[in-house]
Protein chains: 2
Amino acid sequence: MSRQEQKQKTRQNIIAGAFQLLNENRTLSAISLREVAREAGIAPTSFYRHFKDMDELGLTLVDEAGLALRQLMRQARRRIASGGGVIDTSVDTFMEFISANSNVFRLLLREHTGTSAAYRLAVSREIQHFTDELSDYIIEQLRIPHDIAVLQAESMVRLVFSAGADALEADTILKNDISDRLKRQLRFIQLGSLAYWQTMPDPQA
Amino acid sequence: MSRQEQKQKTRQNIIAGAFQLLNENRTLSAISLREVAREAGIAPTSFYRHFKDMDELGLTLVDEAGLALRQLMRQARRRIASGGGVIDTSVDTFMEFISANSNVFRLLLREHTGTSAAYRLAVSREIQHFTDELSDYIIEQLRIPHDIAVLQAESMVRLVFSAGADALEADTILKNDISDRLKRQLRFIQLGSLAYWQTMPDPQA
DNA sequence: TAAATTAGCGTACAGTTGTAAGCTGAGATA
DNA sequence: TATCTCAGCTTACAACTGTACGCTAATTTA
């Protein structure tokens, strides 16, 4: 194994170790460099060969989580294309993601309201991507004017993330309940924005 | 000053000191007993005369924040009664609350997704109160059937808290923007639930 | 092959943490 | 007045933190 390869592997061990620690009830700011090093199987000081800071590691983890989020969106779109209601399919995909990658979603959720301004900003950016893609989709598919679509997308994402937070610590039965409620609530928004648009079809005029 | 009075005063100093520390970018789990004691002007070990734990203090703070939240609701209702649109008045009141008591709202927000299961539960309970009162109001005023009103209330509260989180670190201009968007989004939900109800007036039949 | 680079380690230090133990002095009670 | 109670104090300790410093050994480069 080349030196570079070995270094990459250790780096991945650090990242995996950090996620492991986040799996328990911890925040990024609440896990220590030494713990991460222990989990990764290296000496505390070796950590610095890979990251300047715990902050630098944290931002890396947020990026990693954002990546997973974007893959989620792609998966949802693929599923929608192959049939099924948009809202139902999207919510189902999202909920499956949360269950399968709970530590990733938890990271985003925690750091979104967390202690570090840098993390908060980074997570906000990821959510913004999410919202942007959704509003593009709404404009394309539903032919709703841009500014209304943006409002609709934002509120839908807010609802989805908020419900996702609840789902994170729910058992299967409660999860299904949350999903069903969320789907109906998203329909409220869709109906509402449609009604809003039809009563006032051209807000610029 | 009687002994009891003095003790109460010190207790309040501890609580105020803790809120002071939360004002900066800190979580409950990230402030130490010694810091709180320092802020309150007592010896670290004297803390135990008032609280068993930092956890016990934390739950006290969440209760305190919940109390403020309920006062907020009462104030909003009073304002609505004395004229003005329900949504506009409610959002304005909420945003004023956030600006005036940012540390209180921040506490609820952070601990809602935070590290401690006990805190999370406590905050969820407070938000549930909030939602319950809103759905009662909707049933009473708008004459919408119970189960739809509950969904409407839940989604509205989700939107309000999520927007509130953004408003927390926004300047005046951005805050106004957030308020305006939020108001329109809440109208989507209201319109949508109404439309949903009218197309399916009796879901039980 | 000889020299340079570097991932990882061990040691060390100053700072912080929670909290146990026991004392003091002032308010409460009899 | 004499006794009791108890809020707050000081001291102490073991555990943990981040990170500075210098070494080693193996890979990479020349």
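In helix 3 of chain B, the residues Leu72(B), Gln75(B), Ala76(B), Arg79(B) and Ile80(B) meet Val86(B), Thr89(B), Ser90(B), Thr93(B), Phe94(B) and Phe97(B) of helix 4 of chain B. Contact means C-beta atoms, placed from the backbone, within 7 Å. Helices are DSSP runs (H or I, at least four residues), numbered from the N terminus. The model is predicted: local features need pLDDT of at least 70, side-chain atom pairs count only at pLDDT 80 or more, and totals for chains, interfaces and linings use all residues. Residues are numbered from 1 along each chain as its sequence is written, while chains are lettered from A and ligands numbered from 1 in the order in which they are written.

The axes of helix 3 (residues 54-81) and helix 4 (residues 86-100) of chain B come within 9 Å and cross at roughly 140 degrees. Axes are lines fitted to C-alpha atoms over the stretch in contact, with angles from 0 to 180 degrees between N-to-C directions.

DNA strand C is surrounded by 18 residues; the closest are Thr10(A), Ile42(A), Ala43(A), Ser2(B) and Ser32(B). A residue is near a strand if its C-beta atom, placed from the backbone, lies within 6 Å of it. Helix 1 of chain A gives the largest share of this surface, 4 residues.

Around DNA strand D lie 19 residues, the closest being Ser2(A), Ser32(A), Thr10(B), Ile42(B) and Ala43(B). Here the largest share, 4 residues, comes from helix 1 of chain B.

Methods:
Helix = DSSP H or I, 4+ residues; strand = E, 2+ residues; numbered from the N terminus. Contact = placed C-beta atoms within 7 Å.
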